[in-house]
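Subject: Structure handover and findings

Dear colleague,

Please find below the structure that I am handing over to you. The notes after it set out what was found.

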Amino acid sequence: MEANGFVSRRVDTPSVDAGVTAGAAGADIRWLGGRILDATGGFVGGLAPPRITAESDFAAVLQLRAAPEPTVAATETEIDYEGLPQGVATSTHMLAGAVAGIMEHCLMYPIDCVKTRMQSLQPEPGARYRNVMDALRQIVRTEGMWRPVRGLNVMAIGAGPAHALYFACYEKLKFSLSNVVHPGANSHFANGMAGCMATVLHDAIMNPAEVVKQRMQMYNSPYRGVSDCVGSIWRREGPGAFYRSYTTQLTMNVPFQALHFMTYEYLQELLNPHRQYKPSSHVISGALAGAIAAAATTPLDVCKTLLNTQEALAVHAEVGASVGTASATGGRHISGLGEAFRTVYRMGGGAAFFKGVQARIIYQMPSTAISWSVYEFFKYVITKRQYERRLHHRDGEK
């Protein structure tokens, strides 16, 4: 079970590699990335344990120092980068998460712009697209090369602190809940619960940024820039408009993140069972987890987009149906998940709940792959540096 960077379990002497002498077979050892440390923490060698000897990134070299013969089964403790090392500050998790979140949202922002437009319930003639590539071509050709990244700055500002809290909270809760739910082993349920609880903090920060971002992404957006958009929403709709879709966002993201984290951890067990740093496994697991979670939660994402953008034609239709007026600007807004669901169904039937599903999957697959890859890379580098500092400090004491 991962806890503070260590995975501990009891092992019997016969399970040790045949190349290890009987005197060292029961030694209490620690290993990181194939390097083995004996009970005193001294450098011992570059042996890959027998369960992973086929892996090319581990050297089949053994240099063991004499160790006292134990009288009982020894405890093997693996230093696993997957859980950052003991003593690492929460700020380390937050830094890794912030960089991962900013990169994820910034690199995939043009696809996110297309997704928002393709989820429009009744798009204007100039904003009707056949697919993602057709949408990008039309937007660049008719509105300019920089139009697909309009609003990127507000997303970057929101993504940094949101993902910092998100990953830090997930790492801490994952270990705590696993100890309660399934002591001594990885728990998919605990991973999912940790993801859900981290999402509450993430969405509290991201929701206002999402509102501004999506309004600036819409076709014929009337706002000159981010400050104009924020000021206009505040004056016309009040501060509550920035959190009008918060409950819907949580309703969407809680199952999304639960499915996302459980799928990612499950795929990691299949592709990377020993939890080494393997970029390819992080990319594949992240992409597939993102695609599955994105497809399953698209109906809720369509409703969230409607609540954030308050699409004029949709508001007009809802107002006309509910109060018999043709005005969509008289203080009437679509609010709440139930009203959003009714509006979507009234305007497009069941198929409308999957508008933009292609763009959403295309957006989420590389987004989650980038996010996990960057985050896992930071964890690996941080773990490696702390390990090297420990070796250097010990060598200096000799």
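Predicted model: local features only at pLDDT ≥ 70, side-chain atom pairs only at ≥ 80, totals over all residues.

Residues are numbered from 1 along each chain as its sequence is written, and side-chain values use heavy atoms, with hydrogens and water left out.

Helix α3

Helices are DSSP runs of H or I with at least four residues, numbered from the N terminus. Burial is judged by relative accessible area: under 20% is buried, over 50% is exposed, and partly exposed lies in between (1.4 Å probe, protein chains only). Helix α3 covers residues 109–118, and nine of its 10 residues are buried, so this helix is largely enclosed by the rest of the structure. The buried residues are Tyr109, Ile111, Asp112, Cys113, Val114, Lys115, Thr116, Arg117 and Met118. They pack against α2 (90–107), α4 (132–143), α5 (152–181), α6 (188–217), α10 (298–309) and α13 (357–397), where contact means heavy atoms within 4.5 Å.

Cavities

The structure holds two cavities of 30 Å³ or more. A cavity is a set of points, on a 1 Å grid over the protein atoms alone, where a 1.4 Å probe fits but cannot get out; lining residues have an atom within 4 Å of a point. Grid points are joined across faces, edges and corners, and a volume is the space filled by probe spheres set on the points.

The largest cavity contains about 380 Å³ of space. Its lining has 27 residues, and Glu104, His105, Phe256, Gln257 and Gln364 lie nearest its centre. At least two lining residues come from each of α2, α3, α5, α6, α8 (246–271), α10 and α13. By class, the lining of the largest cavity has eight nonpolar, 11 polar and eight charged residues. Here Ala, Val, Leu, Ile, Met, Phe, Trp, Tyr, Cys and Pro count as nonpolar, Asp, Glu, Lys and Arg as charged, and the others, Gly among them, as polar.

The second largest cavity has a volume of about 30 Å³. Thr116, Gln119, Ser120, Leu121, Met218, Thr305, Leu306, Thr309 and Glu311 line this second cavity. Helix α10 supplies the largest share of that lining, with three residues. Three of the lining residues of the second largest cavity are nonpolar, five polar and one charged.

Salt bridges

There are 15 salt bridges, each defined as a side-chain nitrogen of Lys or Arg within 4 Å of a carboxyl oxygen of Asp or Glu. Three of them are described here.

- Asp112 and Lys115 form a salt bridge at 3.9 Å, N to O. Both residues lie in helix α3, three residues apart, about one turn of the helix, and both are buried.
- Glu210 and Lys304 form a salt bridge in which the closest N and O atoms are 3.4 Å apart. This pair links distant parts of the chain, with Glu210 in helix α6 and Lys304 in helix α10, 94 residues apart. Glu210 is buried at a relative accessible area of 8%, and Lys304 is buried at 4%.
- Glu237 and Arg215 form a salt bridge at 2.6 Å, N to O. Glu237 lies in helix α7 (residues 226–237) and Arg215 in helix α6, so the pair ties together parts that are 22 residues apart in sequence. Glu237 is partly exposed, with a relative accessible area of 21%, whereas Arg215 is buried at 5%.

Salt bridges with shared partners join Asp112, Lys115, Glu210, Lys213, Asp301, Lys304 and Arg360 into one network.

Aromatic pairs

The whole structure has 15 aromatic pairs. Rings of Phe, Tyr and Trp (its six-membered ring) pair if their centres lie within 6.5 Å; planes under 30 degrees apart count as stacked, over 60 as edge-to-face and the rest as tilted. Tyr170 and Phe261 are stacked, at 4.0 Å centre to centre and 25 degrees between the planes. Tyr170 lies in helix α5 and Phe261 in helix α8, 91 residues apart, and both are buried. The rings of Tyr170 and Trp372 have their centres 6.4 Å apart and their planes at 75 degrees, so this pair is edge-to-face. Trp372 lies in helix α13, so its pairing with Tyr170 ties together parts that are 202 residues apart in sequence. Ring pairs link Tyr166, Phe167, Tyr170, Phe261, Tyr264, Trp372 and Tyr375 into a cluster.

Yours sincerely

Methods. 1 Å grid on protein atoms, 1.4 Å probe; cavity = no way out; pocket = protein on both sides within 12 Å on 5 of 7 lines; lining within 4 Å.
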